[in-house]
Amino acid sequence: MLNVETPAVQGPRFGVGRNRASNLVRNYGPAAVLVLIAIAVWEASIRILDVPSYLWPAPSVIVQSMAEDTDVLRSATWVTLKEVLIGFAIAIAAGLLVGIVLHVSRTIRRAVYPILIASQSIPTVVLAPVLVLLMGFGIGPKLVVIALFTFFPIVVNTVDGLGSVDRDYIRMMLTLDASRWSIFRRVEFPAALPLVFSGIRIGATYAAIGAVFGEWAGSDAGLGYEMLQAQGRLDTPQVFSAVILVTLIAVCLFAFVSFVERLAIPWAHGDGTAGGKAME
Amino acid sequence: MVSLTPAGAQSRVPRISYIRTPEGRHLDSHAAVATDKENERVTSDIVIGGVRHRFGDVLALEATDLTIPAHERLAIVGPSGCGKSTLLFAIAGLLEPTEGTIQIGADRTARGRLRHCALMPQKDLLLPWRSALDNAALALENRGVSKQEARSRAQPLFERFGLGEFESHSPAQLSGGMRQRVAFLRTLMADKEILLLDEPFAALDSITRAQMQEWLLGALGSVPRTVVLVTHDVDEALLLTHKIIVLSARPGRIMVTLDTNFPTNLPRREIVTSPEFANLKQQALEALEC
């Protein structure tokens with residue numbers, strides 16, 4: 001009658017470690033193999049067809065270029081990473097705040113939501129140069145561009161998440177003497193978190209691109225800046241190096257958000273300690 | 001029990017007499033726990049006068065007059081869509097009927113009624129991010145009691161109602177029956193004089209449902225409240241309550257009122273197979289058919 005999940009028997013330490021390793025292989029193995037095959041094919045075809053490096057460099061050439069320009073790339077990565085982290089943090093804070101306000105006040109939602117959606121059709125890329133004119137070559141315009149890129153999925157998912165709570169939960173809370181605030185904090189907000197986190201994850205993939213656009217519009221440092229410089233010198237291997245580093249920033253940010261999500265809402269993932277989807 | 005104040009020092013004489021019928025055969029030993037606050041609970045009748053409710057053009061509930069005295073257990077039985085849940089929500093103060101009045105004590109408004117009633121819904125509606133204990137403690141936290149304090153007040157109930165080992169389990173780790181028990185405790189912890197049960201076991205399989213009915217009977221015996229039970233299961237209504245009203249199909253109208261009150265110290269099996277039970281069931285089913 002009791003359908004209690006029995007916790008998996010804990011093996012000796014090395015056993016657990018091996019288990020984790022095999023999980024890693026199962027989860028990321030296929031992608032890793034695919035990437036390795038792609039690199040091999042790329043390297044081979046460049047060599048066989050004898051394509052010059054300034055047109056399309058082989059992976060080995062890119063690695064070599066990375067090794068030569070480590071210092072430049074390191075400081076450029078740092079600049080871009082800083083922009084991404086700060087810009088994204090602003091987007092999360094603003095996204096949550098606006099999402100909550102839109103949820104709480106129906107009037108504000110009716111007034112602002114359509115405008116917010118319409119604003120998404122404005123190409124942020126075009127805005128970047130204007131922002132540079134307004135705010136100069138500093139970090140300011142980059143932060144704004146990143147925040148604009150990533151803000152939208154966070155707001156939309158926050159509003160949807162907060163509104164997705166079944167009326168029955170609200171009724172139940174009302175008969176348990178809950179105030180509006182109590183319902184928000186104990187039911188609506190936790191219930192919204194899975195959707196909020198997927199909004200943040202989508203945002204995380206845009207943040208790095210946002211930084212590059214911001215830097216292209218006007219800057220004197222960062223990976224986007226180095227890309228433009230290298231392009232001017234026909235140093236294609238370095239363009240590729242910068243692209244790879246931007247991609248790495250995006251992947252790491254995404255992985256970090258997923259990690260935080262697992263810690264914050266274990267109940268939404270059905271991984272032993274708690275399970276099942278929320279609000280079914 | 002469910003006294004939420006630390007047991008008062010003034011008159012700790014256990015007033016067992018308060019428990020009107022010596023039901024709660026699993027829980028007899030606990031009956032004496034009823035404390036001062038329990039005894040001082042304000043108890044008010046529910047007076048329903050000429051209530052009619054429409055959803056848009058649809059008349060869901062036809063003029064209903066009904067008085068539910070304090071501490072009575074009433075079952076509302078009827079076919080799906082006859083407005084029985086509507087009536088329950090109206091009593092709870094979750095909606096105001098389009099016509100007529102519902103009065104509990106001196107309170108006539110929905111907001112006022114909400115203070116008297118706790119609702120146990122058909123779905124357990126446990127919050128997946130809270131442990132079983134924290135789910136049960138929700139009402140206390142809503143009232144501003146600290147989390148720790150709320151837990152320590154809910155804990156004795158878990159012990160008492162056979163959920164002791166499951167306090168820290170998440171809802172997903174509990175079976176359907178267990179989840180309903182936690183949901184019932186959550187309702188009880190709201191410390192209201194009126195419990196409204198909206199098809200509380202409809203989602204369970206028949207064996208678990210029978211176990212839960214017996215469990216609930218015991219639980220109610222030790223914690224007397226006014227109970228309004230909505231169900232489409234005639235057996236459940238006969239077993240758990242003192243009085244049954246049968247509603248017709250939409251628009252719901254009271255067809256018949258039956259007094260039940262079986263001696264609750266008999267095992268369920270004997271009650272269910274007794275001729276009196278069969279007779280009442282016959283009457284209820286006849287009323288449902290026409």
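The dialogue below concerns how to read a predicted model with chains A and B.

Student: What mean pLDDT does chain A have, and what average does chain B have?

Tutor: For chain A the mean pLDDT is 85, with 90% of its residues at 70 or more. Chain B averages 78, and 85% of its residues score at least 70.

Student: In which helix of chain A is confidence lowest, and in which is it highest?

Tutor: The lowest mean in chain A, 83, belongs to helix 1 (residues 13-49), whereas helix 3 (residues 70-104) has the highest, at 93.

Student: Over which residues of chain A does pLDDT stay under 50?

Tutor: Residues 1-15 of chain A form one such stretch, and the model gives them 11 contacts beyond four places in sequence. Residues 271-280 of chain A also stay under 50, with 23 contacts beyond four places in sequence. In chain B, pLDDT stays under 50 over residues 1-40, for which there are 61 contacts beyond four places in sequence.

Student: What does the domain assignment give for chain B?

Tutor: In chain B, domain 1 is written as two ranges, 43-116 + 193-290, and domain 2 covers 122-191. Their centres, again over C-alpha atoms, are separated by 24 Å. The contact between them takes 15 residues from domain 1 of chain B and 10 residues from domain 2 of chain B.

Student: Which elements give two or more residues to the side of domain 1 of chain B that touches domain 2 of chain B?

Tutor: They are strand 6 (194-198) and helix 8 (206-222) of chain B. Helix 8 of chain B gives the most, with six residues. By class, this side of domain 1 of chain B divides into 11 nonpolar, two polar and two charged residues.

Student: How is the packing of two helices to be read? What is the angle between helix 2 and helix 10 of chain A?

Tutor: One reads the angle and the separation of the axes, and then the residues in contact. Helix 2 (residues 59-68) and helix 10 (residues 236-264) of chain A pack at about 80°, with their axes 8 Å apart. Because angles of 65 to 115 degrees count as roughly perpendicular, helix 2 of chain A is roughly perpendicular to helix 10 of chain A. Helix 2 contributes Val61(A), Ile62(A), Ser65(A) and Met66(A) to the contact, and helix 10 contributes Pro237(A), Gln238(A), Phe240(A) and Ser241(A). By class, the contact has five nonpolar, three polar and no charged residues.

Student: How do helix 6 and helix 8 of chain A pack, and at what angle?

Tutor: Helix 6 (residues 140-163) of chain A packs with helix 8 of chain A at an angle of about 160°, their axes being 7 Å apart. That angle makes the two helices roughly antiparallel. Their crossing is right-handed. The contact has 19 nonpolar, nine polar and four charged residues.

Student: Helix 8 of chain A also packs with helix 7 of chain A. At what angle do these two pack?

Tutor: Helix 7 (residues 167-175) and helix 8 (residues 180-216) of chain A pack at about 130°, with their axes 11 Å apart. They are therefore oblique to each other. Helix 7 of chain A passes helix 8 of chain A in a right-handed crossing. The contact is made by Tyr169(A), Ile170(A) and Met173(A) of helix 7 and Ser182(A), Ile183(A) and Val187(A) of helix 8. These residues comprise five nonpolar, one polar and no charged.

Student: Finally, how many residues of chain A are in contact with chain B?

Tutor: An interface may be read by residue count, by element and by class. Here, 23 residues of chain A are in contact with 24 residues of chain B. On the side of chain A, helix 7 and helix 8 each supply at least two residues. The largest share, six residues, comes from helix 7 of chain A. By class, this side of chain A has 13 nonpolar, five polar and five charged residues.

Terms used:
Residues numbered from 1 in each chain as written. Chains lettered and ligands numbered in written order. Predicted model: local features only at pLDDT ≥ 70, side-chain atom pairs only at ≥ 80, totals over all residues. Axes fitted to C-alpha atoms, helices over the stretch in contact; angles between N-to-C directions. Helix = DSSP H or I, 4+ residues; strand = E, 2+ residues; numbered from the N terminus. Parallel < 35°, antiparallel > 145°, perpendicular 65-115°, else oblique. Left-handed = near helix turned anticlockwise from the far one by under 90°. Contact = placed C-beta atoms within 7 Å. Nonpolar A, V, L, I, M, F, W, Y, C, P; charged D, E, K, R; others polar. pLDDT = per-residue confidence, 0-100. Domains from an automatic or database assignment.
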